[in-house]
Amino acid sequence: MDAKKTAKNVRNYFNKQYDKDCMLAGTTLKAVRLNGMPATRNYENHNEVAFINAAEAEQRLEWLRQALDLIEDNFKNDDTDYVKLIELAYVQKLRQVDLAQSWGVTRRKLYDLLLSACIILAGAMKQVSGNRINWIA
């Protein structure tokens, strides 16, 4: 496994696809994780392609929620809250310098933590999606 490429694949999802998924599904990760069900959807376009795209986006967000729950369950006793780190860095898109400062770590240490978080998330996504989403390089 190439850790850097795997982390890049995870970051690419959050940078390029996550916001689109939220828009298509009519929800956010926060809404999915907090409520357990997506927020209300907006289906102004009733054609089949738009419906399928929205359903696929909603499924990816659900798998993401399940992956984060899996990480939370499996890394409870770990010193690092990988789920919180993922949410702050990639969902809320906090600047890394601010994130490093708030976590009390150097930027290099934050890089290592984010790399680990991405690898863990890639494995969890592969597992919960039944190999349909495989970010592992």
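A crossing of two helices is left-handed if the near helix is turned anticlockwise from the far one by less than a right angle, and right-handed if clockwise. Keep that in mind for a later stop.

**Before you start**

This is a predicted model, in which local features need pLDDT of at least 70, side-chain atom pairs count only at pLDDT 80 or more, and totals for chains, interfaces and linings use all residues. Residues are numbered from 1 along each chain as its sequence is written, and side-chain values use heavy atoms, with hydrogens and water left out.

**The whole chain**

Show the protein as a cartoon. You will find 6 helices and 0 strands; helices (H or I, at least four residues) and strands (E, at least two) are DSSP runs, numbered from the N terminus. Of the 137 residues, 36% are buried. Here buried means under 20% relative accessible area, exposed over 50%, and partly exposed in between (1.4 Å probe, protein chains only).

**Helix α1 and its aromatic rings**

Select residues 3-25, which form helix α1. The structure holds 6 aromatic pairs: rings of Phe, Tyr and Trp (its six-membered ring) pair if their centres lie within 6.5 Å, and planes under 30 degrees apart count as stacked, over 60 as edge-to-face and the rest as tilted. Show the side chains of Tyr13 and Trp135: their ring centres are 5.2 Å apart and their planes stand at 35°, so this pair is tilted. It links distant parts of the chain, since Tyr13 sits in α1 and Trp135 in the segment after α6, 122 residues apart. Both Tyr13 and Trp135 are buried.

In general, an α-helix has 3.6 residues a turn, so residues three or four places apart point the same way. Phe14 and Tyr18 are both buried. Which residues form one aromatic cluster? Select Tyr13, Phe14, Tyr18, Tyr90 and Trp135 together to see it.

**Where α1 meets α4**

Tyr90 brings us to helix α4, residues 82-91. This helix packs against α1 at an angle of about 50°, with the axes 10 Å apart. Axes are lines fitted to C-alpha atoms, for helices over the stretch in contact, and angles run from 0 to 180 degrees between N-to-C directions. Angles under 35 degrees count as roughly parallel, over 145 as roughly antiparallel, 65 to 115 as roughly perpendicular and the rest as oblique, and α1 and α4 are therefore oblique to each other. Their crossing is right-handed. Show Arg11, Phe14 and Tyr18 in α1, which meet Ile86, Tyr90 and Val91 in α4; contact means heavy atoms within 4.5 Å.

Stay with α4 a moment: 8 of its 10 residues are buried, so it is largely enclosed by the rest of the structure. Lys93 is partly exposed, at 38% relative accessibility.

**Along α6 to the end**

Finally, select residues 107-128, helix α6, which has 22 residues and reaches 31 Å from its first C-alpha to its last, close to the 32 Å expected (1.5 Å times one less than its number of residues). Its buried residues include Leu110, Leu114, Cys118 and Leu121. After α6 comes Gly130, with a positive phi near 65°. In the segment after α6 you also find Asn131, whose phi is near 70° and which is exposed, with a relative accessible area of 51%.
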